[in-house]
Amino acid sequence: MSTNDDKAKEKAVAETENHPGHSEDKKGKGSGGSILLFFLVGIIASLLVGWVVFPKLLYSQKKQPINFNHAFHVETVDEGCASCHFFREDGSFSGVPKLAQCTGCHEEAQGEDPEEIKFVTQYVEKGREVPWLVCSRQPNCVFFSHAAHVELAKMECVTCHGPIGESTHSKIYEENRITGVSRDIWGRNIAGIKRNSWDRMKMEDCAECHAEAAAKEVSELEGPMEGFFNNAVKIAFPKSLSGRKTSVQTQNEACFVCHK
Amino acid sequence: MKNEQAKKYGMVIDLDKCTGCGACMVACMAENNVPFKKDETNKLDSITWMRVFQLTNGKSFPETDICYIPRPCMHCEGEHGHSPCVSVCPATATDYSQQTGIVSQIYTRCFGCRYCMAACPYHARYFNWWDPVWPNGMEKYLNPNVSPRMRGVVEKCSFCFHRYQRAMEKAFLEGRRELEEEEYQTACTQACPAGAIVFGDLNNEKHKIHQIVNPDPAHRGRPKNPKAFRLLERLGTNPKVYYLSSREWVRRAGDNYLPHEGSGKGH
(Lines give C-alpha, C1' and ligand atoms only; values in the text may rest on other atoms or scores of the structure.)
Protein backbone atom coordinates (compact mmCIF):
# COMPACT_ATOMS: atom_id res chain seq x y z
CA MET A 1 0.00 0.00 0.00
CA SER A 2 2.63 2.52 1.05
CA THR A 3 4.49 2.18 -2.23
CA ASN A 4 1.30 2.93 -4.12
CA ASP A 5 0.65 5.94 -1.93
CA ASP A 6 4.16 7.16 -2.64
CA LYS A 7 3.58 6.69 -6.35
CA ALA A 8 0.38 8.64 -6.15
CA LYS A 9 2.17 11.47 -4.37
CA GLU A 10 5.02 11.41 -6.85
CA LYS A 11 2.54 11.62 -9.68
CA ALA A 12 0.82 14.55 -8.04
CA VAL A 13 4.16 16.27 -7.45
CA ALA A 14 5.20 15.64 -11.05
CA GLU A 15 2.00 17.25 -12.27
CA THR A 16 2.53 20.37 -10.24
CA GLU A 17 6.15 20.61 -11.46
CA ASN A 18 5.11 20.38 -15.10
CA HIS A 19 2.59 23.18 -14.81
CA PRO A 20 3.87 25.49 -12.07
CA GLY A 21 1.89 28.58 -13.08
CA HIS A 22 -1.26 26.62 -13.64
CA SER A 23 -1.29 25.04 -10.24
CA GLU A 24 -0.89 28.30 -8.40
CA ASP A 25 -3.96 29.71 -10.13
CA LYS A 26 -6.13 26.71 -9.33
CA LYS A 27 -4.54 25.68 -6.10
CA GLY A 28 -7.79 24.49 -4.43
CA LYS A 29 -8.97 22.46 -7.43
CA GLY A 30 -5.54 20.83 -7.97
CA SER A 31 -5.30 19.49 -4.42
CA GLY A 32 -8.88 18.15 -4.68
CA GLY A 33 -7.91 16.25 -7.82
CA SER A 34 -4.84 14.76 -6.23
CA ILE A 35 -6.90 13.56 -3.25
CA LEU A 36 -9.33 11.91 -5.65
CA LEU A 37 -6.45 10.34 -7.53
CA PHE A 38 -4.93 9.21 -4.24
CA PHE A 39 -8.16 7.38 -3.33
CA LEU A 40 -8.62 5.90 -6.79
CA VAL A 41 -5.10 4.47 -6.83
CA GLY A 42 -5.64 3.19 -3.30
CA ILE A 43 -8.90 1.45 -4.20
CA ILE A 44 -7.45 -0.15 -7.32
CA ALA A 45 -4.39 -1.30 -5.41
CA SER A 46 -6.57 -2.77 -2.64
CA LEU A 47 -8.76 -4.60 -5.14
CA LEU A 48 -5.71 -6.00 -6.90
CA VAL A 49 -4.28 -7.19 -3.61
CA GLY A 50 -7.58 -8.74 -2.53
CA TRP A 51 -8.55 -10.38 -5.79
CA VAL A 52 -5.23 -11.26 -7.38
CA VAL A 53 -2.39 -11.30 -4.85
CA PHE A 54 -4.32 -12.72 -1.86
CA PRO A 55 -5.64 -15.86 -3.62
CA LYS A 56 -2.14 -16.53 -4.95
CA LEU A 57 -0.79 -16.36 -1.41
CA LEU A 58 -3.69 -18.28 0.16
CA TYR A 59 -3.75 -21.27 -2.18
CA SER A 60 -0.87 -23.56 -2.98
CA GLN A 61 -1.00 -25.24 -6.38
CA LYS A 62 -0.39 -28.95 -6.84
CA LYS A 63 -0.51 -31.14 -9.94
CA GLN A 64 -2.37 -34.44 -9.91
CA PRO A 65 0.02 -37.42 -10.01
CA ILE A 66 -1.53 -38.54 -13.32
CA ASN A 67 -3.19 -36.28 -15.87
CA PHE A 68 -6.56 -38.03 -16.10
CA ASN A 69 -8.83 -37.80 -19.12
CA HIS A 70 -12.40 -38.06 -17.81
CA ALA A 71 -14.08 -37.52 -21.19
CA PHE A 72 -12.24 -40.45 -22.78
CA HIS A 73 -13.06 -42.82 -19.91
CA VAL A 74 -16.75 -41.86 -19.78
CA GLU A 75 -17.01 -42.75 -23.49
CA THR A 76 -15.39 -46.14 -22.93
CA VAL A 77 -17.39 -47.34 -19.90
CA ASP A 78 -21.04 -48.43 -19.89
CA GLU A 79 -22.55 -47.06 -16.71
CA GLY A 80 -21.32 -43.46 -16.73
CA CYS A 81 -19.92 -42.09 -13.49
CA ALA A 82 -21.09 -45.13 -11.49
CA SER A 83 -18.73 -47.41 -13.45
CA CYS A 84 -15.80 -46.20 -11.37
CA HIS A 85 -17.44 -44.10 -8.63
CA PHE A 86 -19.84 -46.61 -7.09
CA PHE A 87 -21.66 -47.41 -3.87
CA ARG A 88 -20.31 -50.06 -1.57
CA GLU A 89 -22.70 -52.61 -0.14
CA ASP A 90 -22.74 -50.93 3.25
CA GLY A 91 -24.17 -47.76 1.70
CA SER A 92 -20.94 -45.77 1.70
CA PHE A 93 -19.66 -44.15 -1.46
CA SER A 94 -16.35 -45.31 -2.89
CA GLY A 95 -15.32 -41.87 -4.15
CA VAL A 96 -12.01 -41.88 -5.99
CA PRO A 97 -11.31 -45.39 -7.35
CA LYS A 98 -8.55 -47.48 -5.87
CA LEU A 99 -5.87 -49.10 -7.97
CA ALA A 100 -7.83 -52.37 -8.01
CA GLN A 101 -10.57 -50.80 -10.14
CA CYS A 102 -8.07 -49.40 -12.64
CA THR A 103 -6.09 -52.61 -13.06
CA GLY A 104 -9.17 -54.31 -14.47
CA CYS A 105 -8.33 -52.60 -17.76
CA HIS A 106 -4.84 -51.18 -17.19
CA GLU A 107 -2.90 -54.32 -16.25
CA GLU A 108 -0.67 -53.26 -19.12
CA ALA A 109 -0.52 -50.02 -21.03
CA GLN A 110 -3.18 -50.05 -23.72
CA GLY A 111 -1.91 -47.18 -25.81
CA GLU A 112 0.93 -44.78 -26.44
CA ASP A 113 -0.23 -42.08 -24.04
CA PRO A 114 2.75 -41.10 -21.84
CA GLU A 115 0.39 -40.49 -18.88
CA GLU A 116 -0.96 -44.03 -19.11
CA ILE A 117 2.55 -45.49 -19.42
CA LYS A 118 3.56 -43.46 -16.37
CA PHE A 119 0.52 -44.79 -14.51
CA VAL A 120 1.28 -48.41 -15.39
CA THR A 121 5.01 -48.31 -14.70
CA GLN A 122 4.90 -46.23 -11.53
CA TYR A 123 1.72 -47.45 -9.87
CA VAL A 124 0.26 -50.62 -11.39
CA GLU A 125 3.54 -52.52 -11.69
CA LYS A 126 4.70 -51.44 -8.26
CA GLY A 127 1.29 -52.03 -6.69
CA ARG A 128 1.19 -48.50 -5.27
CA GLU A 129 -2.03 -46.57 -4.79
CA VAL A 130 -2.19 -43.32 -6.76
CA PRO A 131 -2.13 -40.39 -4.31
CA TRP A 132 -4.98 -38.55 -6.04
CA LEU A 133 -5.75 -35.09 -4.73
CA VAL A 134 -9.50 -34.90 -4.12
CA CYS A 135 -10.89 -31.50 -5.09
CA SER A 136 -14.32 -32.10 -3.57
CA ARG A 137 -13.17 -33.40 -0.19
CA GLN A 138 -15.09 -31.67 2.57
CA PRO A 139 -13.52 -30.74 5.92
CA ASN A 140 -13.44 -33.35 8.69
CA CYS A 141 -16.54 -32.14 10.47
CA VAL A 142 -18.82 -32.72 7.49
CA PHE A 143 -20.89 -35.85 7.00
CA PHE A 144 -22.20 -36.07 3.47
CA SER A 145 -24.36 -38.99 2.45
CA HIS A 146 -24.08 -39.75 -1.25
CA ALA A 147 -26.75 -42.42 -0.81
CA ALA A 148 -29.30 -39.89 0.46
CA HIS A 149 -28.68 -37.56 -2.48
CA VAL A 150 -28.07 -39.95 -5.37
CA GLU A 151 -30.28 -42.91 -4.41
CA LEU A 152 -33.05 -41.26 -2.43
CA ALA A 153 -33.29 -37.82 -4.06
CA LYS A 154 -32.16 -39.06 -7.50
CA MET A 155 -29.81 -36.14 -7.98
CA GLU A 156 -27.33 -35.95 -10.85
CA CYS A 157 -23.61 -35.95 -10.15
CA VAL A 158 -23.28 -32.77 -12.23
CA THR A 159 -25.43 -30.75 -9.81
CA CYS A 160 -22.64 -30.61 -7.24
CA HIS A 161 -19.54 -31.79 -9.10
CA GLY A 162 -20.05 -29.92 -12.37
CA PRO A 163 -19.23 -31.24 -15.83
CA ILE A 164 -16.06 -32.95 -14.64
CA GLY A 165 -16.91 -35.94 -16.85
CA GLU A 166 -16.30 -33.79 -19.92
CA SER A 167 -12.82 -32.69 -18.88
CA THR A 168 -9.84 -33.99 -20.82
CA HIS A 169 -7.19 -32.88 -18.32
CA SER A 170 -6.91 -32.97 -14.56
CA LYS A 171 -7.14 -29.48 -13.22
CA ILE A 172 -4.58 -28.04 -10.85
CA TYR A 173 -5.45 -28.86 -7.25
CA GLU A 174 -5.41 -25.73 -5.12
CA GLU A 175 -5.17 -26.12 -1.38
CA ASN A 176 -5.94 -23.48 1.19
CA ARG A 177 -2.68 -23.05 3.08
CA ILE A 178 -4.44 -22.19 6.34
CA THR A 179 -7.24 -24.77 6.46
CA GLY A 180 -5.82 -27.46 4.16
CA VAL A 181 -9.14 -27.59 2.31
CA SER A 182 -9.46 -27.64 -1.49
CA ARG A 183 -10.32 -24.38 -3.22
CA ASP A 184 -13.36 -26.01 -4.83
CA ILE A 185 -15.15 -25.84 -1.49
CA TRP A 186 -14.91 -22.03 -1.31
CA GLY A 187 -15.21 -21.71 -5.08
CA ARG A 188 -12.92 -20.37 -7.79
CA ASN A 189 -14.37 -16.91 -7.40
CA ILE A 190 -12.64 -15.40 -4.44
CA ALA A 191 -15.48 -12.94 -3.88
CA GLY A 192 -17.82 -15.89 -3.45
CA ILE A 193 -19.99 -15.20 -6.50
CA LYS A 194 -21.47 -18.31 -8.04
CA ARG A 195 -23.17 -18.83 -11.38
CA ASN A 196 -23.68 -22.60 -11.40
CA SER A 197 -24.85 -24.95 -8.68
CA TRP A 198 -21.44 -26.66 -8.73
CA ASP A 199 -19.31 -23.53 -8.37
CA ARG A 200 -19.04 -23.82 -4.59
CA MET A 201 -19.52 -26.56 -1.99
CA LYS A 202 -19.92 -24.55 1.18
CA MET A 203 -22.56 -25.05 3.86
CA GLU A 204 -24.60 -22.19 2.36
CA ASP A 205 -24.76 -24.07 -0.91
CA CYS A 206 -26.16 -27.16 0.79
CA ALA A 207 -28.61 -25.00 2.74
CA GLU A 208 -29.73 -23.10 -0.36
CA CYS A 209 -30.74 -26.27 -2.19
CA HIS A 210 -32.36 -27.78 0.90
CA ALA A 211 -34.43 -24.66 1.55
CA GLU A 212 -35.65 -24.73 -2.06
CA ALA A 213 -36.52 -28.41 -1.80
CA ALA A 214 -38.41 -27.86 1.47
CA ALA A 215 -40.42 -24.99 -0.01
CA LYS A 216 -41.21 -27.10 -3.08
CA GLU A 217 -42.31 -30.03 -0.98
CA VAL A 218 -44.72 -27.88 1.01
CA SER A 219 -46.23 -26.25 -2.07
CA GLU A 220 -46.66 -29.63 -3.78
CA LEU A 221 -48.31 -31.26 -0.81
CA GLU A 222 -50.68 -28.50 0.15
CA GLY A 223 -53.25 -26.58 -1.79
CA PRO A 224 -53.19 -22.77 -1.47
CA MET A 225 -55.88 -22.64 1.21
CA GLU A 226 -54.46 -25.52 3.21
CA GLY A 227 -50.95 -24.11 2.83
CA PHE A 228 -52.11 -20.73 4.09
CA PHE A 229 -53.80 -22.30 7.08
CA ASN A 230 -50.81 -24.46 7.94
CA ASN A 231 -48.47 -21.50 7.67
CA ALA A 232 -50.68 -19.56 10.04
CA VAL A 233 -50.63 -22.48 12.49
CA LYS A 234 -46.86 -22.71 12.21
CA ILE A 235 -46.45 -19.06 13.10
CA ALA A 236 -49.02 -19.08 15.90
CA PHE A 237 -48.03 -22.41 17.43
CA PRO A 238 -44.43 -23.11 16.50
CA LYS A 239 -44.32 -26.14 18.78
CA SER A 240 -47.30 -27.84 17.17
CA LEU A 241 -46.86 -30.89 14.98
CA SER A 242 -47.62 -29.10 11.75
CA GLY A 243 -44.65 -26.82 12.44
CA ARG A 244 -42.39 -29.55 11.01
CA LYS A 245 -39.86 -28.85 13.70
CA THR A 246 -37.07 -31.33 13.76
CA SER A 247 -34.93 -29.85 16.52
CA VAL A 248 -35.21 -27.33 19.30
CA GLN A 249 -32.74 -24.65 18.30
CA THR A 250 -32.08 -24.94 14.60
CA GLN A 251 -35.11 -26.85 13.27
CA ASN A 252 -32.57 -28.76 11.24
CA GLU A 253 -32.26 -32.14 12.90
CA ALA A 254 -29.83 -30.71 15.43
CA CYS A 255 -27.08 -30.13 12.82
CA PHE A 256 -26.08 -33.78 13.30
CA VAL A 257 -27.60 -34.61 9.94
CA CYS A 258 -24.65 -33.09 8.08
CA HIS A 259 -22.04 -32.88 10.82
CA LYS A 260 -20.18 -35.61 12.54
CA MET B 1 -39.29 -36.48 7.13
CA LYS B 2 -42.89 -37.23 6.46
CA ASN B 3 -44.86 -40.36 7.40
CA GLU B 4 -42.31 -41.33 9.96
CA GLN B 5 -42.74 -41.75 13.65
CA ALA B 6 -40.21 -39.72 15.58
CA LYS B 7 -37.63 -41.86 17.32
CA LYS B 8 -36.39 -41.58 20.83
CA TYR B 9 -33.14 -43.47 21.17
CA GLY B 10 -32.27 -44.48 24.68
CA MET B 11 -30.24 -46.88 26.71
CA VAL B 12 -30.90 -49.14 29.65
CA ILE B 13 -28.01 -50.41 31.75
CA ASP B 14 -28.49 -53.40 34.02
CA LEU B 15 -26.35 -52.66 37.09
CA ASP B 16 -26.84 -56.19 38.40
CA LYS B 17 -24.97 -57.43 35.34
CA CYS B 18 -22.29 -54.70 35.18
CA THR B 19 -18.97 -55.97 36.51
CA GLY B 20 -17.21 -52.61 36.19
CA CYS B 21 -14.70 -54.01 33.70
CA GLY B 22 -14.54 -50.76 31.74
CA ALA B 23 -14.84 -52.34 28.27
CA CYS B 24 -17.53 -49.78 27.43
CA MET B 25 -15.13 -46.94 28.26
CA VAL B 26 -12.39 -48.38 26.08
CA ALA B 27 -14.75 -49.12 23.18
CA CYS B 28 -16.13 -45.61 23.41
CA MET B 29 -12.73 -43.95 23.36
CA ALA B 30 -11.59 -45.99 20.37
CA GLU B 31 -14.84 -45.51 18.47
CA ASN B 32 -15.11 -41.77 19.00
CA ASN B 33 -11.47 -40.69 18.70
CA VAL B 34 -11.48 -39.46 22.29
CA PRO B 35 -8.10 -37.87 23.02
CA PHE B 36 -6.01 -39.07 25.95
CA LYS B 37 -2.78 -38.07 27.63
CA LYS B 38 0.15 -40.00 28.99
CA ASP B 39 -0.99 -39.20 32.50
CA GLU B 40 -4.73 -39.50 32.96
CA THR B 41 -4.72 -39.45 36.77
CA ASN B 42 -6.20 -35.96 37.01
CA LYS B 43 -9.86 -36.66 36.35
CA LEU B 44 -10.63 -32.94 36.14
CA ASP B 45 -8.93 -32.66 32.77
CA SER B 46 -9.29 -36.13 31.31
CA ILE B 47 -12.05 -36.96 28.82
CA THR B 48 -14.28 -40.02 29.09
CA TRP B 49 -17.61 -39.88 27.24
CA MET B 50 -18.57 -43.09 28.94
CA ARG B 51 -17.42 -43.23 32.56
CA VAL B 52 -17.84 -46.08 35.06
CA PHE B 53 -18.30 -44.87 38.62
CA GLN B 54 -18.22 -46.97 41.73
CA LEU B 55 -20.95 -46.77 44.35
CA THR B 56 -20.81 -48.23 47.84
CA ASN B 57 -23.56 -48.58 50.40
CA GLY B 58 -21.19 -47.17 53.03
CA LYS B 59 -21.67 -50.04 55.45
CA SER B 60 -18.89 -52.01 57.15
CA PHE B 61 -17.77 -55.54 56.41
CA PRO B 62 -20.55 -58.05 56.50
CA GLU B 63 -23.12 -55.72 54.92
CA THR B 64 -20.76 -53.87 52.60
CA ASP B 65 -21.81 -53.80 48.96
CA ILE B 66 -20.54 -52.07 45.86
CA CYS B 67 -22.06 -51.32 42.49
CA TYR B 68 -20.54 -50.03 39.26
CA ILE B 69 -22.51 -47.48 37.32
CA PRO B 70 -21.55 -46.53 33.74
CA ARG B 71 -22.53 -42.99 32.86
CA PRO B 72 -22.84 -41.86 29.21
CA CYS B 73 -24.61 -38.63 28.18
CA MET B 74 -28.22 -38.92 29.33
CA HIS B 75 -29.64 -37.16 26.25
CA CYS B 76 -32.21 -35.44 28.47
CA GLU B 77 -35.54 -34.52 27.01
CA GLY B 78 -36.47 -32.29 29.94
CA GLU B 79 -39.88 -30.76 30.52
CA HIS B 80 -39.86 -28.60 27.43
CA GLY B 81 -38.43 -31.12 25.01
CA HIS B 82 -34.75 -30.48 25.48
CA SER B 83 -31.83 -30.82 27.84
CA PRO B 84 -30.42 -28.21 30.25
CA CYS B 85 -27.29 -27.86 28.09
CA VAL B 86 -29.28 -26.95 24.98
CA SER B 87 -31.03 -24.03 26.63
CA VAL B 88 -27.80 -22.43 27.85
CA CYS B 89 -25.67 -22.78 24.71
CA PRO B 90 -25.10 -19.31 23.26
CA ALA B 91 -23.50 -20.67 20.09
CA THR B 92 -26.20 -23.10 18.92
CA ALA B 93 -23.48 -25.73 19.11
CA THR B 94 -25.67 -28.19 20.91
CA ASP B 95 -29.22 -29.01 19.95
CA TYR B 96 -31.98 -31.50 20.66
CA SER B 97 -33.17 -33.50 17.69
CA GLN B 98 -36.84 -34.35 17.75
CA GLN B 99 -36.25 -36.94 15.03
CA THR B 100 -33.97 -39.11 17.11
CA GLY B 101 -34.07 -37.62 20.61
CA ILE B 102 -30.32 -37.22 20.51
CA VAL B 103 -28.53 -34.17 21.90
CA SER B 104 -25.99 -33.14 19.29
CA GLN B 105 -22.68 -31.41 19.80
CA ILE B 106 -21.17 -29.60 16.82
CA TYR B 107 -17.50 -29.11 17.61
CA THR B 108 -16.78 -26.56 14.90
CA ARG B 109 -19.64 -24.45 16.20
CA CYS B 110 -18.62 -24.57 19.88
CA PHE B 111 -16.45 -21.75 21.18
CA GLY B 112 -15.75 -23.23 24.56
CA CYS B 113 -17.71 -21.05 27.01
CA ARG B 114 -18.54 -24.22 28.98
CA TYR B 115 -22.01 -23.04 30.08
CA CYS B 116 -23.26 -26.48 29.07
CA MET B 117 -20.79 -28.13 31.39
CA ALA B 118 -22.09 -26.03 34.24
CA ALA B 119 -25.68 -26.81 33.29
CA CYS B 120 -25.23 -30.57 32.98
CA PRO B 121 -26.17 -32.25 36.27
CA TYR B 122 -24.47 -35.48 35.19
CA HIS B 123 -20.99 -34.10 34.40
CA ALA B 124 -21.31 -35.81 31.04
CA ARG B 125 -19.60 -32.98 29.18
CA TYR B 126 -15.87 -32.54 28.86
CA PHE B 127 -13.63 -29.70 27.79
CA ASN B 128 -10.62 -30.07 25.53
CA TRP B 129 -7.85 -28.24 27.35
CA TRP B 130 -5.33 -29.28 24.70
CA ASP B 131 -5.26 -30.26 21.07
CA PRO B 132 -5.27 -34.05 20.84
CA VAL B 133 -1.83 -35.64 20.55
CA TRP B 134 -1.94 -39.19 19.22
CA PRO B 135 0.91 -41.62 19.78
CA ASN B 136 3.07 -42.02 16.70
CA GLY B 137 1.14 -43.73 13.89
CA MET B 138 -2.15 -43.83 15.78
CA GLU B 139 -3.76 -41.17 13.60
CA LYS B 140 -4.00 -43.88 10.94
CA TYR B 141 -6.28 -45.85 13.26
CA LEU B 142 -8.68 -43.02 14.02
CA ASN B 143 -12.31 -43.55 13.11
CA PRO B 144 -12.94 -41.64 9.85
CA ASN B 145 -16.64 -41.29 10.72
CA VAL B 146 -16.00 -39.13 13.78
CA SER B 147 -14.24 -35.80 13.48
CA PRO B 148 -11.44 -35.28 16.00
CA ARG B 149 -11.93 -32.30 18.26
CA MET B 150 -9.63 -29.36 18.73
CA ARG B 151 -8.47 -27.42 21.77
CA GLY B 152 -11.11 -25.20 23.34
CA VAL B 153 -14.31 -27.09 22.56
CA VAL B 154 -16.69 -29.20 24.61
CA GLU B 155 -17.46 -32.79 23.70
CA LYS B 156 -19.71 -35.52 24.99
CA CYS B 157 -21.30 -38.86 24.18
CA SER B 158 -23.32 -38.72 20.96
CA PHE B 159 -24.90 -42.19 21.24
CA CYS B 160 -22.48 -43.01 18.37
CA PHE B 161 -24.56 -40.88 16.05
CA HIS B 162 -22.22 -41.55 13.14
CA ARG B 163 -23.39 -45.16 13.29
CA TYR B 164 -26.95 -43.94 12.79
CA GLN B 165 -25.79 -41.90 9.81
CA ARG B 166 -24.01 -44.88 8.28
CA ALA B 167 -26.93 -47.21 8.96
CA MET B 168 -29.30 -44.74 7.30
CA GLU B 169 -27.02 -44.62 4.24
CA LYS B 170 -27.28 -48.37 3.89
CA ALA B 171 -31.06 -48.18 4.34
CA PHE B 172 -31.30 -45.50 1.62
CA LEU B 173 -29.29 -47.64 -0.76
CA GLU B 174 -31.68 -50.53 -0.13
CA GLY B 175 -34.69 -48.27 -0.59
CA ARG B 176 -35.69 -48.18 3.08
CA ARG B 177 -36.20 -45.26 5.41
CA GLU B 178 -36.49 -47.21 8.65
CA LEU B 179 -33.76 -48.98 10.57
CA GLU B 180 -33.86 -52.38 12.17
CA GLU B 181 -33.02 -52.47 15.87
CA GLU B 182 -29.65 -54.18 15.39
CA GLU B 183 -28.56 -51.86 12.57
CA TYR B 184 -27.94 -48.97 14.96
CA GLN B 185 -26.19 -49.91 18.17
CA THR B 186 -23.63 -47.92 20.12
CA ALA B 187 -20.04 -49.08 20.56
CA CYS B 188 -20.43 -49.51 24.34
CA THR B 189 -23.51 -51.68 23.89
CA GLN B 190 -21.67 -54.02 21.58
CA ALA B 191 -18.53 -54.08 23.70
CA CYS B 192 -20.17 -54.95 27.02
CA PRO B 193 -19.16 -58.56 27.73
CA ALA B 194 -21.91 -58.95 30.33
CA GLY B 195 -24.63 -57.75 27.98
CA ALA B 196 -25.62 -55.17 30.57
CA ILE B 197 -26.33 -52.38 28.07
CA VAL B 198 -29.39 -52.41 25.83
CA PHE B 199 -29.83 -49.68 23.24
CA GLY B 200 -32.82 -48.90 21.05
CA ASP B 201 -35.83 -46.73 20.30
CA LEU B 202 -37.94 -45.99 23.38
CA ASN B 203 -40.91 -45.13 21.17
CA ASN B 204 -40.82 -48.46 19.35
CA GLU B 205 -42.72 -51.16 21.19
CA LYS B 206 -40.85 -53.87 19.31
CA HIS B 207 -37.50 -52.74 20.64
CA LYS B 208 -36.05 -54.53 23.64
CA ILE B 209 -35.46 -51.30 25.54
CA HIS B 210 -39.13 -50.38 25.39
CA GLN B 211 -40.11 -53.76 26.70
CA ILE B 212 -37.58 -53.65 29.55
CA VAL B 213 -38.15 -50.08 30.70
CA ASN B 214 -41.80 -49.63 29.80
CA PRO B 215 -41.64 -45.81 29.88
CA ASP B 216 -44.70 -43.96 31.11
CA PRO B 217 -45.56 -41.17 28.66
CA ALA B 218 -47.92 -39.59 31.21
CA HIS B 219 -45.00 -39.05 33.61
CA ARG B 220 -42.34 -37.91 31.16
CA GLY B 221 -40.97 -41.34 30.43
CA ARG B 222 -40.61 -42.44 34.05
CA PRO B 223 -40.06 -46.23 33.99
CA LYS B 224 -43.00 -48.44 34.91
CA ASN B 225 -40.60 -51.29 35.59
CA PRO B 226 -40.11 -51.20 39.40
CA LYS B 227 -36.48 -52.26 39.04
CA ALA B 228 -35.69 -49.36 36.72
CA PHE B 229 -34.66 -45.86 37.72
CA ARG B 230 -33.02 -42.80 36.23
CA LEU B 231 -30.30 -40.58 37.66
CA LEU B 232 -31.56 -37.46 39.45
CA GLU B 233 -35.13 -38.28 38.42
CA ARG B 234 -36.58 -35.46 40.50
CA LEU B 235 -34.62 -32.76 38.69
CA GLY B 236 -37.01 -33.20 35.79
CA THR B 237 -34.25 -33.60 33.21
CA ASN B 238 -36.14 -36.57 31.76
CA PRO B 239 -33.05 -38.54 30.74
CA LYS B 240 -33.13 -41.32 28.15
CA VAL B 241 -30.61 -43.49 29.97
CA TYR B 242 -32.26 -45.89 32.40
CA TYR B 243 -30.67 -48.14 34.98
CA LEU B 244 -31.87 -51.45 36.34
CA SER B 245 -31.09 -52.75 39.80
CA SER B 246 -32.71 -55.23 42.12
CA ARG B 247 -31.00 -53.56 45.08
CA GLU B 248 -32.93 -50.87 46.92
CA TRP B 249 -29.84 -48.92 48.05
CA VAL B 250 -28.57 -48.67 44.45
CA ARG B 251 -31.90 -47.28 43.26
CA ARG B 252 -31.87 -44.78 46.13
CA ALA B 253 -28.31 -43.73 45.22
CA GLY B 254 -29.66 -42.55 41.86
CA ASP B 255 -31.05 -39.41 43.46
CA ASN B 256 -30.57 -37.32 46.61
CA TYR B 257 -33.09 -38.50 49.15
CA LEU B 258 -33.56 -37.41 52.74
CA PRO B 259 -33.18 -40.19 55.33
CA HIS B 260 -36.89 -40.37 56.13
CA GLU B 261 -37.98 -40.45 52.48
CA GLY B 262 -39.41 -43.60 50.93
CA SER B 263 -38.09 -45.80 48.18
CA GLY B 264 -37.57 -42.88 45.87
CA LYS B 265 -39.49 -44.42 43.06
CA GLY B 266 -42.17 -41.81 43.56
CA HIS B 267 -44.88 -43.87 41.90
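Residues are numbered from 1 along each chain as its sequence is written, and chains are lettered from A, with ligands numbered from 1, in the order in which they are written. In this predicted model, local features need pLDDT of at least 70 and side-chain atom pairs count only at pLDDT 80 or more, while totals for chains, interfaces and linings use all residues.

**Stop 1: chain A as a whole**

Chain A has eleven helices and two strands. Helices here are DSSP runs of H or I with at least four residues, strands are runs of E with at least two, and both are numbered from the N terminus. Along the sequence the elements of chain A come in the order α-α-α-β-α-α-α-α-α-β-α-α-α.

Chain A has 260 residues, of which 8% count as buried. A residue is buried if 20 or more other C-beta atoms lie within 10 Å of its own, exposed if 12 or fewer, and partly exposed in between, with C-beta atoms placed from the backbone. Of the contacts in chain A between residues at least 6 apart in sequence, 62% join residues at least 24 apart. Two residues are in contact if their C-beta atoms, placed from the backbone, lie within 7 Å.

**Stop 2: a helix pair in chain A**

Select residues 99-106 and 114-124 of chain A, which are helices α5(A) and α6(A). They pack at an angle of about 125°, with their axes 12 Å apart. The axes are lines fitted to C-alpha atoms, for helices over the stretch in contact, and angles run from 0 to 180 degrees between N-to-C directions. The two helices, α5(A) and α6(A), are therefore oblique to each other; angles under 35 degrees count as roughly parallel, over 145 as roughly antiparallel, 65 to 115 as roughly perpendicular and the rest as oblique.

Now show side chains. On α5(A) the contact is made by L99(A), T103(A) and H106(A), and on α6(A) by E116(A), F119(A), V120(A), Y123(A) and V124(A). These contact residues divide into five nonpolar, two polar and one charged. Ala, Val, Leu, Ile, Met, Phe, Trp, Tyr, Cys and Pro count as nonpolar, Asp, Glu, Lys and Arg as charged, and the others, Gly among them, as polar.

**Stop 3**

Pick G50(A), in helix α3 (residues 27-58) of chain A. G50(A) is exposed, with 12 other C-beta atoms within 10 Å.

Next, pick K194(A), in the loop between α9 (183-186) and α10 (203-221) of chain A. K194(A) is partly exposed, with 16 other C-beta atoms within 10 Å. Leaving aside neighbours within four places in sequence, K194(A) is in contact with G187(A), N189(A), D199(A) and R200(A).

**Stop 4: where the chains touch**

Show both chains. The contact takes 26 residues from chain B and 24 residues from chain A. On the side of chain B that touches chain A, the elements giving two or more residues are β4 (94-96) and α4 (161-173) of chain B. The largest share, eight residues, comes from α4(B). The residues of this side of chain B divide into ten nonpolar, twelve polar and four charged.

**Stop 5: helix α1 of chain B**

Select residues 23-31 of chain B, helix α1(B), and pick its buried residues, C24(B), C28(B) and E31(B). Seen down the axis of α1(B), they fall within an arc of 70°, so they line one face of the helix. The arc is that of the directions from the helix axis to the C-beta atoms. The buried residues of α1(B) pack against β3 (66-71), α5 (187-191) and β8 (197-201) of chain B. After α1(B) comes N33(B), with a positive phi near 50°.

**Stop 6: loops of chain B**

Pick R114(B), in the loop between β5 (103-105) and α3 (115-119) of chain B. R114(B) is not a glycine, yet its phi is positive, about 65°.

Move to N214(B), in the loop between α6 (208-213) and β9 (215-216) of chain B. N214(B) is not a glycine either, and has a positive phi of about 55°.

Finish at N225(B), in the loop between β10 (222-223) and β11 (228-229) of chain B. Not counting residues up to four places away in sequence, N225(B) touches I212(B), V213(B) and N214(B). The C-alpha atoms of N225(B) and V213(B), twelve residues apart along the chain, are separated by 5.6 Å.
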